[in-house]
Each structure stands twice: as C-alpha cells, then as structure tokens.
Amino acid sequence: PSDEDPFLVDEEVHEYRSRISALVYDIATVVGAPALLQATLESMRQQEGVLAQEAHFFLLAAIATPAKGSVESCPGMVDLVRGLPALIQQTITEDTVVAAQIACAQRGAIDLLTSVSGWVSSQPELLSTVLQIVGSILLQRSTGNEAVDRRRDKVQSRAAAALQQLCNASAIPLVGSLIQLYHQTLPGLAANLQLHVVEGVSYVVSKLDNPSQWQE
C-alpha cells in the first residue's frame, strides 16, 4: 500500500512475494531470462514512482537468478546499474512514509546487485560503480531517529552481504579500494556487518599473486 511503511509489512506479504519469485523463476527458465529481463526493464521505463521502481528491482532480481551469464545479453541492465547511485546514495534523515519507501527501494536495488554479482565482476566499468554504491550505504551513520536508523540497519545488512558476494565473485581489480573501504567502515559499522567486509576483502587479498603487499 502506498500509505504504509514497507518495512512493517506482515508475513503474508513476504509469502506472497516468495511465491511470485518462484513463479518468475519458472517463467524465466521457460521463455528465456534475457527476453524477460528486457520486458521488465521496458515496463520499468514506462512507470513512475519509487514503489514501482522497487517492485521492478524485485522482479529483476528474481529473473537474474536463472539468467546467470545471460544478463550480459541485456544491454539495458548496464544502463540501470549506472543509474543506481542517484537512488542509493540519497541520505534519508526523515521518518516519513515516502522516506521509508525510498529506503525500501534502496534495499531492493542492493538485492538486485547481489543477484547479478557474478556478471558485475566481469564488467570492469561497472565494478567501481557498484563498489561506490555499496560503500555509500555501509558508511552511513546514525541519524538519531530510531525509525530511520532501523531501516538503515536493514539496508546496510543487505549491502554488507552484497559486498561479500561481490568479493567472492572476484573483485581483484578493486583490491585497493576494498581495503580502503574496510578501514573506513571500522569506526561505525556494526560488528556483525563488519564481518562480511572482513571476509570479503580477505578472500580477494588471498587470491592475489602477492597478497603480502596488502597485509599489515
């Protein structure tokens, strides 16, 4: 509903989305994920509003799972990822329904990036953009507003997991930026989320020919 906080939806909504995700997966495996991705992107261009945006992120993430390497045959995905910083890097400080919907869309965008992490890791021009996106979420600090911070914590949780997934998919070209992000997140990121950062960066460093040069 357009007048409710999407972070407070009941279990029935989650179950409904789970069924939709499974249905989309089945359709994608039958008609072909690239065609379904392209159709969803076209639908996204024709609709306005943050709620429609979040819904399309959800669908795209569900389609991208069976798509695997086929994502690269859908050029619209590149343009979408390049445009995500404008949404995700918005700083939310107010406790309003609109602000909650924006935070929900940010979470959906992060989930989408997680689902295509393997593809992103093979696109050098996108790796830096995605790291910037994820890093901007992880570096957000408390606003002093309990409701706003609660939503931020949930978005940060997805971002930390996305970073580790990206690292596992191979983010070696950005090892320097990853280590910098690790140091930047140390002062304020929750310990359980910092663990994702540590494990992800450690994995990337371990894959280097000379990992000792990055070890302190």
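**View 1. Arg141 is partly exposed, at 36% relative accessibility.** The term partly exposed covers values between buried, under 20% relative accessible area, and exposed, over 50%, for a 1.4 Å probe and protein chains only. R141 sits in the loop that joins α7 (124–138) to α8 (146–168). The model is predicted, so local features need pLDDT of at least 70 and side-chain atom pairs pLDDT 80 or more, while totals for chains, interfaces and linings use all residues. Residues are numbered from 1 along each chain as its sequence is written, and side-chain values use heavy atoms, without hydrogens and water. Helices are DSSP runs of H or I with at least four residues, numbered from the N terminus.

The side chain of R141 reaches the backbone oxygen of L139 at 3.2 Å. Leaving aside neighbours within four places in sequence, R141 is in contact (heavy atoms within 4.5 Å) with R152, Q184, T185, G188 and L189. R152 is eleven residues from R141 along the chain, and their C-alpha atoms are 8.7 Å apart.

**View 2. D149 lies in helix α8.** With a relative accessible area of 11%, D149 is buried. Not counting residues up to four places away in sequence, D149 touches S142, T143 and G144.

**View 3. T40 belongs to helix α2 (residues 33–46).** T40 counts as buried because its relative accessibility is 9%. A polar atom of the T40 side chain lies 2.8 Å from the backbone oxygen of L36. Apart from residues up to four places away in sequence, T40 touches H56, L59, L60 and I63.

**View 4. Helix α4 (residues 76–88) and α7 cross at roughly 25°, and their axes come within 10 Å.** The pair is therefore roughly parallel, a term for angles under 35 degrees. Axes are lines fitted to C-alpha atoms, for helices over the stretch in contact, and angles run from 0 to 180 degrees between N-to-C directions. The crossing of α4 and α7 is left-handed; this applies if the near helix is turned anticlockwise from the far one by less than a right angle. From α4, the contact is made by V78, V81, R82, L84, P85 and I88, and from α7 by E125, L126, T129, V130, I133, S136 and I137. By class, this contact has nine nonpolar, two polar and two charged residues. Ala, Val, Leu, Ile, Met, Phe, Trp, Tyr, Cys and Pro count as nonpolar, Asp, Glu, Lys and Arg as charged, and the others, Gly among them, as polar.

**View 5. The axes of helix α5 (residues 97–115) and α7 come within 11 Å and cross at roughly 140°.** That angle makes α5 oblique to α7; oblique is the class left after roughly parallel (under 35 degrees), roughly antiparallel (over 145) and roughly perpendicular (65 to 115). The crossing of α5 and α7 is left-handed. Q106, I110 and L113 of α5 meet V130, I133, V134 and I137 of α7. The contact of α5 with α7 has six nonpolar, one polar and no charged residues.

**View 6. α8 packs with helix α10 (residues 191–206) at an angle of about 10°, their axes 8 Å apart.** This makes α8 roughly parallel to α10. On α8, the contact is made by Q156, S157, A160, A161, L163, Q164, C167 and N168; on α10, by L193, H196, V197, E199, G200, V201, Y203 and V204. Nine nonpolar, six polar and one charged residues make up the contact of α8 with α10.

How values were computed. Helix = DSSP H or I, 4+ residues; strand = E, 2+ residues; numbered from the N terminus. Polar contact = N/O pair within 3.5 Å; in protein donor to acceptor, adjacent residues only side chain to side chain.
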